[in-house]
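Notebook open, structure loaded. I'm jotting down what I look up as I go.

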Amino acid sequence: MLISEVPIGRFLSLAKLEKGLIDQKPLEKEVNSLIDLINHRSQGQSFEEASNSLLEEIFNVRVAALNWMAEKGYNFQDYLNGVNDHIAVNLSIAPYSILSRASTETLIAIQEVTTSIYNSSNQANASSHFPSLKVDYQSLLSALPYLFPAKAFFYIKWIDSSLQFEFCQILSHLVLTKQIELPDGRIDELINFLLDATTRFGAYASVIGLWTPNEENEDKLLNRMEILAAAIAHENGKKTTSISKDQLYTLTHSPN
């Protein structure tokens, strides 16, 4: 499900920093508005509260950005190369090494999960262009109970955790590039929420059968995902299920 698999938070924060990176004015305006909202709401609320109040906005900007990439003919590898080149420069001068490390490690863990999902579903390969998406957040929430009556709750949790992760990546990069400032105590809060969102993303992907953890993997974050997935499945007495390619297409291309 490309709408949840491709993390674009770093790209969005770069677009705010580097004017002209997005050559589509309506999308540039949406990105700037979202980042201003993230900045504003993060000042007076916990990061969890702030992110939960912006799930719809983050989702819809994510879809708009992916559609812009599709129109430009970008593919998954182009996206990864471009963002990583910019980030490497910005992080080299970042004073918050702990935040920088957490941001990078969680992105690597997310990409481990999403790449596995991307490959196993045979949606495309790294050189394939992004598909055009026709879905918004509310339409998706409305469709899930019909597509997965017994699993809708877990799909919503999975999607929302990906949006919380996006929120944390955007905010982390805004801090690392000195676009905003946070006191040390709030940096710790942000790191903890970022780790939690990342863990939930992998755990729910496993519970709904989109991702199977590698038993030989020794990465701490991936292990945390596996442990949480087992706990969720046990608590709910659920077995994992999988989503078909036809269901994926219907879910992401249904009219608004």
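How many of the 25 residues of α9 are buried? I get 22, so the helix is mostly covered, with buried meaning under 20% relative accessible area (1.4 Å probe, protein chains only).

Housekeeping: this is a predicted model, where local features need pLDDT of at least 70, side-chain atom pairs count only at pLDDT 80 or more, and totals for chains, interfaces and linings use all residues. Numbering runs from 1 along each chain as its sequence is written, and side-chain values use heavy atoms, with hydrogens and water left out.

I then checked F167. Skipping neighbours within four places in sequence, its contacts (heavy atoms within 4.5 Å) are I38, S42, F47, A50, S51, L54, I58 and F193. F47 also has R186 over its face, 4.0 Å from the ring centre; the cut-off for a charge over a ring is NZ of Lys or CZ of Arg within 6 Å of the centre and within 35 degrees of the ring normal.

On to ring pairs (Phe, Tyr and the six-membered ring of Trp, centres within 6.5 Å; planes under 30 degrees apart are stacked, over 60 edge-to-face, the rest tilted). I find 5 aromatic pairs. F153 and F154 sit 5.4 Å apart by ring centres with planes at 80°, so they are edge-to-face.

Note on methods: Buried < 20%, exposed > 50% of the residue type's maximum accessible area, 1.4 Å probe, protein only. Helix = DSSP H or I, 4+ residues; strand = E, 2+ residues; numbered from the N terminus.
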